[in-house]
Amino acid sequence: MARNVNFDLSHPLMEAGLESPADEEGVHDSFQQLIAEHADNGAASSALELQQLQSDLVEESQDNIPLCGPEHEHRRQGASDLECDGGEREMDQIQGEGWSSDTLKILSSMPSRTIGRNRGAIISQYCNKTLKLRRRRQTRPSIRDFSPSSRPSIRSYGMEGDTIDAEVSKRERLVNNLQNLPVSDRVRMLRGMPLSVAEKKEIRNLVMQKEKRILSNKRLSCYSQLKYYIIIAARKSWYSWLSFLHSLQPWQTLLKRVSGRFGTGVLSYFLFLKTLVFFNVFLFLVTGAFLVLPQAVHPPDEATETRSFSGLELLTGAGSFSHTVMYYGYYTNYTLPRSSRGEGRGQNASALSSDSQQFSYNMPLAYFFTIGMAFFITCIILVYSMSKTFGRSFRINKSNSILTMKTFSSWDFKVIKKKSVQIMSENICTQLKELLAELTQKNTKSTFCKRFCRQMVHGVAWTICIASTTGCMAGVYYFSEFIHKDLQQNYRKFEVYPLMKEARLLSLPTVVSLINLLLPALFNVVAWMEIYESPSVFAYVAIGRNLMLKTSMLGVLCFHWLGRVAPEYKSIGLTCWESFVGEELYRFLLMDFIFTLLDTLFGELLWRLFSEKVLKKKRKPVFDIARNVLDLIYGQTLAWLGVLFSPLLPAVQILKLFLVFYIKMSSVMMNCQAPRKPYRASQMTTIFITLLCIPSLLGASVCVTYTMWSITPSTSCGPFRGLSTMFKAGKHWMKILEKDNPKLSVLSKAHTYFVENPFFLFVGAGIFLIVIYFHSQVVDGQRKIISLLQDQIQNEGEDKKFLINQLQSVHKQKQDAGKRLKSQDSTC
Amino acid sequence: MGTTASQLSKESLSEYQELTFLTKQEILLAHKRFTELLEKHEKDQIDARVPMGKIITLPELKSNPFKERICRVFSTSEQKDGSLTFEDFLDLLSAFSDSATLEIKSHYAFRIFDFDDDGTLDCADLEKLVNCLTGETNDAKLSSTEMKQLISNILEESDIDKDGTVNLSEFQHVISRSPDFVSSFKIVL
């Protein structure tokens, strides 16, 4: 791709006037003169100049003198033998045979080659960085502060104290710059310097000494001394808080063991599980503090039928659990605490206690706002982490440098077991070979017939998958309808035999979990017969199909609960449909857990025993990361759906996740082997977080919003009994607030005009789209700049080659001239 | 300054916290593991050095093909023998820690991959790198034609100024576009 530059020294153009290949005489005139001067001068002076130049450069690099001796030269020559034999590339190498040792010394002292290992170079680089940072942090003085006669340089305002003496060494300048920076920047700069700790300690001590000297010179006022001490104390407490947070991280040693054996891919599953635990802990704390605790402290007055605890409750969630804090039905619809027994029975949420009470807690409002806020904050956290991981894994200008990235970043330093390291090396070798084969094969296009066959096979596979998903959807729909009808007809019988009812209720979760377990296996079997262009496409297709199945299942279930059970709950003998839906979700979570257990048992343990004892193979099963993560996302969606109906469901989910963690951990360590296929951990993590946000949280929020907006709550239980929708509770409160404080009518007017007016939403969405458009234009512009800069760097590289070659040729001419002189002398 | 007897003083602990990316627990754990490697008589010495042979017996480094390069890069000894003091060891852990910046990691990764220490990755360095990655067994190695093709592809993709070598800036440019680097360039004690 580079221009074919002619470095032939005997080229007539070269001999004539040492013109540059670009033939721009005017521009290179001064350089030409310089070379001409050198050519005219005697050998001694030019050699001296060359040595001067070389010694200047070597002085800077005396800390880490590269291996410049003759053995290095030999190594370079040896290396050049290995060079790629492309005709064009030969000319592009800077390392030619027979470079003099001086040229090589100069080459190795070039800034671009010393920046990586030379202490002086690093210090000067960071000197510049700190100077830039200092300039940025300084506040610019206003021009009015200066008299018109004096013309200070605004850029160096505040830095007149610095000596611009050339003898001040770079290190002192760095110390000076660091000392003038605010403390947090200083710490960040020091940490980010790629020097050894010993050197950084020296620099830091110099900075501290200078600071102490300055502080002792000035007489500080009481106030600034106090400020100084406060800042130091704040910094110390920040560090101790960080280490406290670090020690709170659960499961550190276990995670290290997993990553040591299996690498980053399997580790990402367990890290995802940890993230889900944190989300659920947050949800539990919010609902616990604002809903469960107040209600548990002030239990409702209604007489509750207390059933004795039989073990079946844990399985079905009903029975003695159904009239506890766990479900929606327990919560009261008046303000806590009740002022008197007789008051308020049958009243709706508008009853604000007028008696003297120091603490009043409006339960319906609390319920409404807690659930809303919890979802809102979870959404914000998820979107934030999604955008962060998205920014990390997708870059602009993602050119095709797969091979380079694979070579430089595929070694996973976390893996420490010898066997796993071997497997990883084999994997990398296979991947590199495959990629190389792909690159060479890119030219051969497959025939039309082959492509057509492949597309046909893809079509058949997709038809099978979609058909089976639709079939299962229909099956679940009709089954749920059957159960519903059965309940309608027989609910009186079930009141006598409650166990029968519970057993029937368990059937729907079992069926759905079974489908969720078996159908992905079918998809895997179908995918075996397909051929994909790359393994990542294969992974995406598998995730897509699995996701489609789970979303359709959840959709059917939501329709069943919100569209069939909620309007007709009285016909199946329920007083409280929300508690019933909460119980259903509890059962679904539980069944999901049981089936995960069974899947681990059969899928991994028994399969390993089977393949070892019966098939006598050494291959252990591979941990399917994508499928397991999708199962986790499904479970979390159920938990989010259920928070409205069962505020303690996050606690159940936390318990379940803990158990799943330990079960999966032990299973993976005992039964599985390291994955053989390449797994791009960070891209997959981005996809999973996105899936957690968009179908999962969004779907749950839509369901909850629909429930709050349009479904009638039960008339005899829960905090919203008697209202036409749950949303009305907020509206009622607004009206009451307006009645009591007319000044706050602004709020309610704002609510009416902004939140409920669709025009405002349109305008908001429009502005948002415009901002996105501007950002995408900025990104396009940056892409153009990147390609321009790349061209510029390439031209600089050409210049560098040209200069080095001229240097070499001049030196050679001197040598020849010197030899000729010597031979002349000897003959004379 | 430096490590006193077998306990770290409070000032040095906070100093190390400011200068490295490690937390207090990680520094203390590193101190414990480091003193286990020292001889009995060296445990009380300040700035004792552990020879390379002992460092590479650490389980975190034992099976790593880059273990010698890592020791040499982080060593500050005059004889360039790869021996590490406690501060060099902290340097190592800091560069490989969770919170280290991409710049630090790519800087040290470049130095580790630069087998001949000349400041650039030329063909010989790249060949040694690929051989380390693919392992020592014969059937897992790339053939010489594949190796040549791989190296020429790498240089074509990453050598922007076309001088036949990959220098630090070009290396950092490639690394900044690969999202898996930060998560794989980690060692945890």
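In UniProt, an unreviewed entry lists "domain: TMC" at residues 576–682 of chain A. In the predicted model examined here, that stretch is 76% helix and 0% strand, and its end C-alpha atoms are 45 Å apart. The setting is a chain of 29 helices and two strands. Of the 828 residues in chain A, 41% are buried. Among contacts in chain A with a separation of 6 or more, 77% are between residues 24 or more positions apart.

The unreviewed UniProt entry also annotates "transmembrane region" on chain A, at residues 266–293, 365–385, 460–479, 506–526, 547–566, 684–709 and 759–776. Two of these spans can be described further. Residues 365–385 of chain A are 100% helix and 0% strand, with the end C-alpha atoms 30 Å apart. Residues 547–566 of chain A are 95% helix and 0% strand, and here the end C-alpha atoms lie 27 Å apart.

A helix pair in chain A gives a closer look at packing. Two packed helices are described by the angle between their axes and the distance between the axes. For helix H14 (residues 264–297) and helix H16 (residues 363–393) of chain A, the angle is about 170° and the axes are 10 Å apart. Angles over 145 degrees count as roughly antiparallel, and H14(A) and H16(A) are therefore roughly antiparallel to each other. On the H14(A) side, the contact is made by Phe279(A), Phe282(A), Leu283(A), Val286(A), Thr287(A), Phe290(A), Leu291(A) and Gln295(A). H16(A) contributes Met363(A), Ala366(A), Tyr367(A), Thr370(A), Ile371(A), Ala374(A), Ile377(A), Thr378(A), Ile381(A) and Leu382(A). Sorted by class, this contact holds 14 nonpolar residues, four polar ones and no charged ones. An α-helix has 3.6 residues a turn, so residues three or four places apart point the same way.

Turning to the cysteines, the count is one disulfide over all chains. The bond joins Cys576(A) to Cys717(A), with an S to S distance of 1.8 Å. The torsion about this S-S bond is about 100°, so the disulfide of Cys576(A) and Cys717(A) is right-handed. Cys576(A) sits in the loop between helix H22 (535–565) and helix H23 (577–614) of chain A, while Cys717(A) sits in the loop between helix H26 (681–710) and helix H27 (727–740), so the pair ties together parts that are 141 residues apart in sequence. Both partners are covered: Cys576(A) is buried at a relative accessible area of 9%, and Cys717(A) is buried at 8%.

Cys693(A) is buried, with 7% relative accessibility. Cys127(A) is also buried, with a relative accessible area of 4%.

Helix H4 (residues 67–74) of chain B is mostly covered, with six of its eight residues buried. The buried residues are Lys67(B), Arg69(B), Ile70(B), Cys71(B), Val73(B) and Phe74(B). They pack against helix H3 (52–55), helix H5 (86–95) and helix H6 (102–113) of chain B.

For chain B, an unreviewed UniProt entry places "domain: EF-hand" at residues 101–136 and 146–181. Residues 101–136 of chain B are 67% helix and 0% strand, with end C-alpha atoms 32 Å apart. For residues 146–181 of chain B, the figures are 64% helix and 0% strand, with end C-alpha atoms 24 Å apart. Glu146(B) lies in helix H8 (residues 144–158) of chain B and is partly exposed, with a relative accessible area of 23%.

Most residues other than glycine have a negative phi. Asp117(B), in the loop between H6 and helix H7 (123–134) of chain B, has a positive phi near 60°. This residue is partly exposed, at a relative accessible area of 39%. Lys162(B), in the loop between H8 and helix H9 (168–176) of chain B, has a positive phi near 55°. In contrast to the partly exposed Asp117(B), Lys162(B) is buried, at 10% relative accessibility.

Notes
Residues are numbered from 1 along each chain as its sequence is written. Chains are lettered from A and ligands numbered from 1 in the order in which they are written. This is a predicted model: local features need pLDDT of at least 70, side-chain atom pairs count only at pLDDT 80 or more; totals for chains, interfaces and linings use all residues. Side-chain values use heavy atoms; hydrogens and water are left out. A disulfide is a pair of cysteine sulfur atoms within 2.5 Å. Helices (H or I, at least four residues) and strands (E, at least two) are DSSP runs, numbered from the N terminus. Buried means under 20% relative accessible area, exposed over 50%, partly exposed in between (1.4 Å probe, protein chains only). Axes are lines fitted to C-alpha atoms, for helices over the stretch in contact, and angles run from 0 to 180 degrees between N-to-C directions. Angles under 35 degrees count as roughly parallel, over 145 as roughly antiparallel, 65 to 115 as roughly perpendicular and the rest as oblique. Contact means heavy atoms within 4.5 Å. Ala, Val, Leu, Ile, Met, Phe, Trp, Tyr, Cys and Pro count as nonpolar, Asp, Glu, Lys and Arg as charged, and the others, Gly among them, as polar. UniProt positions are given in the numbering used here, feature names are shortened, and annotations may be inferred rather than shown by experiment.
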